[in-house]
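Reader: I would like to learn how to read the features of a protein model one at a time, beginning with the general idea and then turning to the case at hand. Could we go through this one together?

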Amino acid sequence: MVRVLLLGDLHLSTTGPPVPPACPDLESLDVDAIISIGDIIDDNADHAGDTETGVAYEKRGRDFFERLNEVGVPVFAVPGNHDPLECTERLTDGLENVRVMHRCGIDGQSQSIAPGELEELRLVGWGCEQFDLTPAFKYDQYPAIVPDPANVESSEQMAAQSAATVESVISRFLDGTLDSQEAANEFGVSKEKQDTCATELETLASEFDAIRGLLTEETMTTVLLSHESPFNVAFDYHHSSDRVQGQLHRGSIPLKMAAVAGGPDIILSGHMHTEGRDAIETTAGYADLYNPGSPGVAFVEIEPEAGSIQLIE
């Protein structure tokens with residue numbers, strides 16, 4: 001068993017103690033690793049309205065990562081959209097036990113990780129490079145895919161049908177059965193919006209290829225660490241959406257499709273602020289999913305042989 005402290009979407013403000021109250025006592029922490037899945041701080045120096053505020057956010061985040069570093073176990077930090085790649089690199093620069101996980105994979109057998117239970121795992125990181133998290137494919141902008149809620153009897157049914165349509169068409173687009181224009185036609189997108197739709201689909205394909213490329217064929221149990229949650233799962237409802245729009249699935253479509261094709265065993269993700277578990281069918285069997293919510297603090301035990309997780313109270 002690999003025992004992990006999972007942290008995500010803490011959204012620390014500019015004030016408060018170095019270790020937020022939601023976290024356990026780090027002095028007596030008994031884990032094999034710490035995983036941060038992003039949005040540890042609520043803003044950053046590149047985005048905040050003024051320099052002083054941005055610096056204050058990053059100082060809070062830096063203090064927190066310094067405390068995590070002192071625990072003495074590997075810390076894997078995935079950039080969130082509130083603390084994107086360059087910010088997370090600043091927060092963790094020079095901390096010997098912290099590794100920024102974005103567009104990379106690392107085997108537990110790597111010499112850069114202290115030996116132990118992690119030897120049986122491969123960790124793959126996919127984070128955010130900017131604050132404004134724009135979906136690769138904004139499917140809810142196309143009425144042919146998502147009808148006007150005023151014209152449907154059940155928003156839940158509308159959301160389920162829309163998600164199923166999106167996955168069906170995009171899977172055929174990604175396997176080459178349809179090109180981007182044909183996929184736009186299949187979605188029923190109006191002629192004036194077809195070029196925009198096709199461009200978004202090509203962007204989605206590029207992101208899919210990048211994530212899929214990280215999920216190399218491995219005999220080791222693979223854990224995908226992502227700030228965004230996969231599309232069309234039990235917990236990909238964004239907290240900022242209104243009642244009707246909140247029924248729509250808001251997870252990452254390329255992440256979901258890459259996971260289906262690449263077959264990771266476990267996916268740990270955040271962003272949606274909704275705690276939940278699920279499983280998705282992949283080419284390798286099933287992937288075990290968990291989102292710790294916000295503030296996300298959880299102890300997770302990873303069973304490498306079974307490729308599954310167990311939550312520890």
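Author: Let us begin with a term: helices are DSSP runs of H or I with at least four residues, and they are numbered from the N terminus. Please keep in mind that this is a predicted model.

Reader: In which helix is Ala205 found, and is Ala205 buried or exposed?

Author: Ala205 is found in helix α5, which covers residues 194–214. A residue is called buried when its relative accessible area is under 20%, and Ala205 counts as buried because its relative accessibility is 15%. Leaving aside residues up to four places away in sequence, Ala205 touches Phe173 and Leu174.

Reader: How should I describe two helices that pack together, and at what angle do α3 and α6 pack?

Author: In general, two packed helices are described by the angle between their axes and by the distance between those axes. Here helix α3 (residues 155–174) and helix α6 (residues 253–262) pack at an angle of about 65°, and their axes are 11 Å apart. The crossing of these two helices, α3 and α6, is right-handed. On the α3 side the contact is made by Val166, Glu167, Ile170, Ser171 and Leu174, while α6 contributes Ile253, Lys256 and Met257. Sorted by class, this contact of α3 with α6 has 5 nonpolar, 1 polar and 2 charged residues.

Reader: How many residues of α6 are buried, and against which elements do they pack?

Author: Helix α6 is mostly covered, since 8 of its 10 residues are buried, and among them are Pro254, Ala258 and Gly262. The buried residues of α6 pack against α3, α5, β7, β8 and β9 (276–282).

Reader: What is the largest nonpolar core, and which residues have the most contacts inside it?

Author: In soluble globular proteins, nonpolar side chains tend to be buried together. In this model the largest nonpolar core has 42 residues, and those with the most contacts inside it are Phe137, Tyr139, Ile170, Phe187 and Ile253. The elements that give two or more residues to this core are β6 (121–126), α3, α4 (180–187), α5, α6 and β10 (285–291). Tyr139 has contacts that include Val166, Phe231 and Ile253. There is also a second, separate core of 24 residues, which includes Leu5, Leu10, Val19 and Val98.

Reader: How do I read the two faces of a strand, and which residues lie on each side of β8?

Author: In a regular strand the side chains alternate between the two faces of the sheet. Strand β8 (residues 266–269) has both faces covered, with Ile266 and Leu268 buried on one side and Ile267 and Ser269 buried on the other. Strand β7 (residues 221–226) runs parallel to β8 and is joined to β8 by 4 bridges, and Leu224 stands opposite Ile267. On β10, which is joined to β8 by 3 bridges and also runs parallel, Tyr290 is the bridge partner of Leu268.

Reader: In what order do the strands of the open sheet follow one another, and which stand at the edges?

Author: Strands of a sheet pair through backbone hydrogen bonds, either parallel or antiparallel. This open sheet of 6 strands has mixed pairing and the order β4-β3-β2-β1-β11-β12. At its edges stand β4 (98–100) and β12 (308–312), each with a single partner strand, so one side of each is left without a neighbour in the sheet. The twist from one strand to the next averages 25°. Strand β3 (residues 75–77) pairs with β4 in the parallel sense over 3 bridges, and Phe76 has Arg99 as its bridge partner in β4.

Methods. Residues numbered from 1 in each chain as written. Predicted model: local features only at pLDDT ≥ 70, side-chain atom pairs only at ≥ 80, totals over all residues. Heavy atoms only, no water. Axes fitted to C-alpha atoms, helices over the stretch in contact; angles between N-to-C directions. Left-handed = near helix turned anticlockwise from the far one by under 90°. Contact = heavy atoms within 4.5 Å. Nonpolar A, V, L, I, M, F, W, Y, C, P; charged D, E, K, R; others polar. Buried < 20%, exposed > 50% of the residue type's maximum accessible area, 1.4 Å probe, protein only. Pairing = 2+ DSSP bridges. Core = buried A, V, L, I, M, F, W, Y, C linked by side-chain atoms within 4.5 Å.
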